[in-house]
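The following note sets out comments on the structure, arranged by topic. Please read each point alongside the coordinates.

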Amino acid sequence: GAGVSQTPSNKVTEKGKYVELRCDPISGHTALYWYRQSLGQGPEFLIYFQGTGAADDSGLPNDRFFAVRPEGSVSTLKIQRTERGDSAVYLCASSRQGGEKLFFGSGTQLSVL
Amino acid sequence: GQQLNQSPQSMFIQEGEDVSMNCTSSSIFNTWLWYKQDPGEGPVLLIALYKAGELTSNGRLTAQFGITRKDSFLNISASIPSDVGIYFCAGYNAGNNRKLIWGLGTSLAVNP
């Protein structure tokens, strides 16, 4: 597609449940990023992929968060045992090689009740 | 984590006025990026700056990479109602070109 695509656009879940958020980056972009954005804040870095490997996962808040990118294209962010504090907009971005201009998707609004 | 100091936090202006916002950092940056975010959307890249002193324009928008490499500003000339949104500065510091550091945003409202 022409831009970064994220699905679903909205996800409502109950505390303790498992969720998966999907990101389809711009074709040909080798770098993929996940960010989290709370109301009134700038995006907060979670994890960065270069190809299939996680080059930097230092932003993942704890071991309930995990992300994969098995074929170097689509990525899935997985959150186990969700907590109310996980509620936020999860943004995905991609760039041609990394370390430069990032192009963002529209985000997934996650609400944990 | 590290964040940039972005100001002002919010602005309310009349259509046709010029707008200026800036970002400062305590450390040296190699790249400055300015993004605009509309409600329910991801940030959209407006301008990218790569060299100290660089002045770049994109339509009515002009941004500069500060000489000290610790600041940047964004100007919007002759504002129009569709300029409404949140503007974020972001950058890569000299120590890490993979983790983009963000300001907290400037919320712009334009009165037609």
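1. The side chains of Lys36(B) and Asp38(B) are joined by a polar contact of 3.0 Å. A polar contact here is a pair of N or O atoms within 3.5 Å; within protein, one must be able to donate a hydrogen and the other to accept it, and residues adjacent in sequence count only if both atoms are side-chain atoms. A polar atom of the Lys36(B) side chain also lies 3.2 Å from the backbone oxygen of Val84(B).

2. This is a predicted model, in which local features need pLDDT of at least 70 and side-chain atom pairs count only at pLDDT 80 or more, while totals for chains, interfaces and linings use all residues. Residues are numbered from 1 along each chain as its sequence is written, chains are lettered from A and ligands numbered from 1 in the order in which they are written, and side-chain values use heavy atoms, with hydrogens and water left out.

3. Lys36(B) belongs to strand β4 of chain B; strands (E, at least two residues) are DSSP runs, numbered from the N terminus. Is Lys36(B) buried or exposed? With 13% relative accessibility, Lys36(B) counts as buried, a term that means under 20% relative accessible area, against over 50% for exposed and in between for partly exposed (1.4 Å probe, protein chains only). Not counting residues up to four places away in sequence, Lys36(B) touches residues including Pro43(B), Leu46(B), Asp83(B) and Tyr87(B), where contact means heavy atoms within 4.5 Å.

4. Asp83(B) sits in the loop between β8 and β9 of chain B and counts as buried at 5% relative accessibility. Its side chain makes a polar contact of 2.8 Å with the side chain of Arg60(B). Beyond four places in sequence, the residues that Asp83(B) touches are Lys36(B), Arg60(B), Ile76(B), Leu108(B) and Val110(B).

5. The largest nonpolar core has 22 residues, of which Trp34(B), Leu74(B) and Leu108(B) touch the most other members. Such a core is a set of buried Ala, Val, Leu, Ile, Met, Phe, Trp, Tyr and Cys residues joined through side-chain atoms within 4.5 Å. Strands of chain B that each supply at least two residues of this core include β4 (29–37), β8 (71–76) and β11 (106–111). Another core, of 20 residues, lies apart from it and has Ile47(A), Ala67(A), Leu77(A) and Val112(A) among its members.

6. In chain A, Thr76(A) is placed in strand β8 (residues 75–79) and counts as buried at 17% relative accessibility. Leaving aside neighbours within four places in sequence, Thr76(A) is in contact with Glu20(A), Leu21(A), Trp34(A), Phe66(A), Ala67(A) and Val68(A). The C-alpha atoms of Thr76(A) and Lys101(A), 25 residues apart along the chain, are separated by 22 Å.

7. How many residues of each chain meet at the interface? Contacts link 20 residues of chain A with 21 residues of chain B. The two chains bury about 1600 Å² between them, 54% of it on carbon and sulfur atoms; buried area is the accessible area (1.4 Å probe) that two parts lose on being put together, summed over both.

8. One salt bridge is found across this interface, the criterion being a side-chain nitrogen of Lys or Arg within 4 Å of a carboxyl oxygen of Asp or Glu. Lys99(B) forms a salt bridge with Asp56(A), their closest N and O atoms being 3.8 Å apart. The interface of chain A and chain B also has five residue pairs in polar contact (both at pLDDT 80 or more).

Note on methods. Helix = DSSP H or I, 4+ residues; strand = E, 2+ residues; numbered from the N terminus.
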